[in-house]
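Subject: Structure for you to look at

Hello,

Here is the structure I said I would pass on. Please open it first, then read my notes below with it on the screen.

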Amino acid sequence: MSRPVSRVLTLLELLQAGGVRTVADLAARLGVAERTVRRYVDHLIDLDVPVESVRGRHGGYRLAPGHRMPPLMLTDDEALAVLLGLVSGRRTGLTAAAGTAGETASAKIRRVLPERLRRRLDAVLDTVAFTASPAESAVPETAVLLPVADAVRHHRPVAIRYTGGRGGEGERTLYPYGLVAHAGRWYVTGRDLSVGADRTFRLDRVAGVRTLPGTFEPPAGPDPAERVLTALATAPYRHAVTVWVQGTAEELRARLPGSVAIVGAEARGPGPGGVGDGAGAEAARAEAGPETWSRVEIRAERLDWLPGVLASLDRPFAVERPDELRALVADFAGRLMESARRTPPGG
């Protein structure tokens, strides 16, 4: 929404509060000149909103007595987009509103729609089915999300009360670089001045936010989404896995989620820092020749799911570490061979 349109709607909200509002008061509330307020009033009158001018020492503007706002003027496409946006936002965890805010917002919109359109939209909402289960979301408080977003936009430091994953609670001073919504959770990434390093924080674990004086200059480098995905992929887990996979880094990043794997250095054949050590790596070198290989790092609590992921890439690979993964890959390959030879029941 453009700023003039937003301010015109804000002016309408101020007038709906009732009474006479002076031009000076409205100008101060809107942050504009008094002649701009008069222009905004003309816009409302052009939209058939009955704004009255009151003369005299305490004069200004007011809405005509008894005026009620007309039904919300949305096209069929616009109304469907708004209501489906609320539904999908709740299911994916993107809607950062606790409790029943999404349901009450939807009800308010439906209540002011024309009857014909409301019946048609209800038919869609009552009959639509979703193939995916609702996401398990961790919703931040609106009182946390809004000030953090404002601090990101205006490059202001904030103090947050944060509870870590292990239960430790404390206050952090943060230069917030950006907000990221990922997999049903909201994150803020930025410079944690308490430790002098970049950190990522889950907003649902933030209990309070204070905006601090001053400003900062965000650094160049990865965007906030990339910073969050990298932080998730490099979080401390039980196993640190390194695998070399045949293919360019760009090709592998398209196949491996950034929140799971970090695709790093490339090497061609057995050059310096090539495809690791051991018999598996030597075989990969012989097969690959001058092909490009990329180093993939994964942090995992368990290793049992990795052989299937590596097989799904359908590319030669060599395990650099840990050795336990080699045994799991061999066992996985053996089970696939067994399945390939097995006769179907009744065959």
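Before the sheet, one term: two strands count as paired if DSSP finds at least two bridges between them. In general, strands of a sheet pair through backbone hydrogen bonds, either parallel or antiparallel. Please also keep in mind that this is a predicted model.

The chain has 347 residues, of which 31% are buried. Its secondary structure comes to twelve helices and eleven strands.

The sheet

Five strands form an open sheet in the order E6-E5-E4-E3-E7, and the pairing is antiparallel. At the edges are E6 (197-202) and E7 (206-211), each of which pairs on one side only. Ignoring direction, neighbouring strands in this sheet are turned by 45° against each other on average.

Inside the sheet, E4 (residues 169-182) and E5 (residues 185-192) run antiparallel and are joined by eight bridges.

Helix H7 (residues 142-154) lies across E3, E4, E5 and E7, at about 80° to E4. Helix H8 (residues 224-233) packs on the sheet and touches E4, E5 and E6, with its direction at about 115° to that of E4.

The hairpin

Strand E1 (residues 51-54) runs antiparallel to E2, and four bridges join them. Val54 has Gly60 in E2 as its bridge partner. Five residues lie between the strands of this hairpin, where Gly56 takes a positive phi near 110°.

In soluble globular proteins, nonpolar side chains tend to be buried together. Here the largest nonpolar core has 18 residues, and those touching the most other members are Leu11, Leu15, Val37, Leu44 and Val51. Two or more residues come from each of helix H1 (3-16), helix H2 (23-30), helix H3 (34-46) and strand E2 (60-63). H1 gives the most, with five residues.

What does Val51 touch, leaving aside its neighbours within four places in sequence? Val51 is in contact with Leu15, Val41, Leu44, Ile45, Tyr61, Arg62 and Leu63.

There is also a second, separate core of 17 residues, including Ala249, Ile298, Leu303 and Leu313.

The chain as a whole

Of the contacts between residues at least 6 apart in sequence, 63% join residues at least 24 apart. The accessible surface is about 20,800 Å², and carbon and sulfur atoms account for 52% of that.

Regards

Notes: Residues are numbered from 1 along each chain as its sequence is written. This is a predicted model: local features need pLDDT of at least 70, side-chain atom pairs count only at pLDDT 80 or more; totals for chains, interfaces and linings use all residues. Side-chain values use heavy atoms; hydrogens and water are left out. A nonpolar core is a set of buried Ala, Val, Leu, Ile, Met, Phe, Trp, Tyr and Cys residues joined through side-chain atoms within 4.5 Å. Buried means under 20% relative accessible area, exposed over 50%, partly exposed in between (1.4 Å probe, protein chains only). Contact means heavy atoms within 4.5 Å. Axes are lines fitted to C-alpha atoms, for helices over the stretch in contact, and angles run from 0 to 180 degrees between N-to-C directions. Accessible areas come from the Shrake-Rupley method with a 1.4 Å probe; for residues, only the protein chains shown count as cover.
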